[in-house]
Amino acid sequence: MAGEPQDDCLFCKIVAGHVPATIVRETDTTVAFRDINPQAPTHVLVIPKAHYADAAALATAAPDLAADVLRETQAVADEDKLESYRIVFNTGTGAGQTVFHAHAHVVGGRGLQWPPG
């Protein structure tokens, strides 16, 4: 069920403390941690503690929680002293989503080309 922890979800396991992660920020509703395969000097994932499969499901079912995730992306950027950065939500396998728990990538600390990918 949406919002409930999923036994087979890597990010739910990180939220529960069952899988280690380099956590950089945590609030009542979100967790931010370093990506294990960083694509830039700063590459942090910001996730809601509640499970939603992707950004669209999160925004539809829990818009206040989606706003919490976005607020935390700014906090991560501020802590890493990023003047500019990219926030990426991949939705679906064709877009590169590999963990089906909504998450924002905060990427910065180097020049980022456009268009991506």
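Leaving aside neighbours within four places in sequence, which residues is Val76 in contact with? In this predicted model, the partners of Val76 are Arg25, Ala32, Val44, Val46 and Val106.

The largest nonpolar core has 15 residues, and Val76 is listed with Val46 and Leu58 as having the most contacts inside it. At least two residues of this core come from each of β3 (42-48), α3 (63-79) and β5 (104-108). Helix α3 gives the largest share, with 5 residues. Another core, of 9 residues, lies apart from this one, and its members include Phe11, Cys12, Ile14 and Val99. As general background, nonpolar side chains tend to be buried together in soluble globular proteins.

Phe11 leads on to the aromatic rings. The count of aromatic pairs in the model comes to 1. This pair joins Phe11 and Phe33, whose ring centres are 5.4 Å apart and whose planes meet at 75 degrees; because edge-to-face applies to angles over 60 degrees, the pair is classed as edge-to-face. Distant parts of the chain are linked in this way, since Phe11 belongs to helix α1 (residues 10-16) and Phe33 to strand β2 (residues 30-34), 22 residues apart. What of the exposure of the two partners? Phe11 has a relative accessible area of 4% and is therefore buried, the cut-off being under 20%. Phe33, at 4% relative accessibility, likewise counts as buried.

Notes:
Residues numbered from 1 in each chain as written. Predicted model: local features only at pLDDT ≥ 70, side-chain atom pairs only at ≥ 80, totals over all residues. Heavy atoms only, no water. Core = buried A, V, L, I, M, F, W, Y, C linked by side-chain atoms within 4.5 Å. Buried < 20%, exposed > 50% of the residue type's maximum accessible area, 1.4 Å probe, protein only. Helix = DSSP H or I, 4+ residues; strand = E, 2+ residues; numbered from the N terminus. Contact = heavy atoms within 4.5 Å. Phe/Tyr/Trp six-rings, centres within 6.5 Å; stacked < 30°, edge-to-face > 60°.
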